[in-house]
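Please read the following points with the coordinates open beside you.

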Amino acid sequence: MLKKSRPPSAEQLADGDRALQAAIESSRRLLHRRALYAAVASTVPVPGLDWAVDAALLSRLVPQINAHFGLTPAQIDALTPHKREQVQKAVSMVGSVLIGKLVTRELVIRASRTIGMRLTATQAAKFVPLAGQAVAAALGYATLRYLGEQHLQDCVRVVKQAQLSLPEPRA
């Protein structure tokens with residue numbers, strides 16, 4: 001039987017680059033806080049509320065992560081034409097729909113369809129007293145964390161491929 005290898009983490013992709021490591025750490029702090037909010041929303045037994053909260057959280061989180069890596073639409077527009085072209089090629093190679101674009105809830109929902117089974121599991125679990133709500137909270141946290149990690153890795157790949165200089169960290 002073949003053993004499946006894990007894809008590289010954001011840290012492994014950064015390959016010791018201190019600026020990338022700092023951007024990853026600050027992005028992860030944001031991601032952890034938002035995932036906790038998603039966990040809380042997942043415990044509320046209102047059908048569809050967790051998806052609405054996830055979409056709202058991601059539509060705010062993704063641009064913040066993009067900003068840490070210099071990948072917001074405004075930051076990309078400020079680059080030289082040659083560098084802008086390198087970034088666009090890297091975004092195409094990575095296949096991200098959330099880098100360098102205005103992030104809308106519809107775009108976030110489309111990107112999150114990869115984990116659609118979570119909706120059914122969370123909706124079913126939250127109606128089981130206590131244990132079900134704990135499962136729903138864990139699924140809510142894990143889902144947002146997974147989507148955020150995927151986006152974070154995409155940002156690192158784009159920065160590396162385009163050889164982009166990161167913006168100065170914000171205070």
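**Notes on the chain and its helices**

1. Read along the sequence, the protein chain has the pattern α-α-α-α-α-α-α-α, and its secondary structure comes to eight helices and zero strands, where helices (H or I, at least four residues) and strands (E, at least two) are DSSP runs numbered from the N terminus. This is a predicted model, in which local features need pLDDT of at least 70 and side-chain atom pairs count only at pLDDT 80 or more, while totals for chains, interfaces and linings use all residues. Residues are numbered from 1 along each chain as its sequence is written, and side-chain values use heavy atoms, with hydrogens and water left out.

2. Of the 171 residues of the protein chain, 43% count as buried, a term that means under 20% relative accessible area, with exposed set at over 50% and partly exposed in between (1.4 Å probe, protein chains only). Among the contacts (heavy atoms within 4.5 Å) with a separation of 6 or more, 79% join residues 24 or more positions apart.

3. Helix α2 (residues 18-42) has 25 residues and reaches 36 Å from its first C-alpha to its last, close to the 36 Å expected, the expected span being 1.5 Å times one less than the number of residues. At the start of α2, a side-chain oxygen of aspartate 17 comes to within 3.0 Å of the backbone nitrogen of alanine 19.

4. Arginine 28 also belongs to α2, and its side chain makes a polar contact with the side chain of glutamate 149 at 2.5 Å; such a contact is a pair of N or O atoms within 3.5 Å, of which, within protein, one must be able to donate a hydrogen and the other to accept it, and residues adjacent in sequence count only if both atoms are side-chain atoms. Not counting residues up to four places away in sequence, arginine 28 touches Ala10, Glu11, Arg145, Glu149 and Leu152. Arginine 28 and leucine 152 lie 124 residues apart in sequence, yet 8.4 Å apart in space, C-alpha to C-alpha.

5. Helix α3 (residues 49-68) should span 28 Å with its 20 residues, and its end C-alpha atoms are 29 Å apart, which agrees. Because 14 of its 20 residues are buried, α3 is largely enclosed by the rest of the structure. Glycine 70, whose phi is positive, near 75 degrees, follows α3.

6. Histidine 151 is found in helix α8 (residues 131-162). Why does histidine 151 count as buried? Its relative accessibility is 3%. Not counting residues up to four places away in sequence, histidine 151 touches Val62, Ile65, Asn66, Ser96, Leu98 and Ile99.
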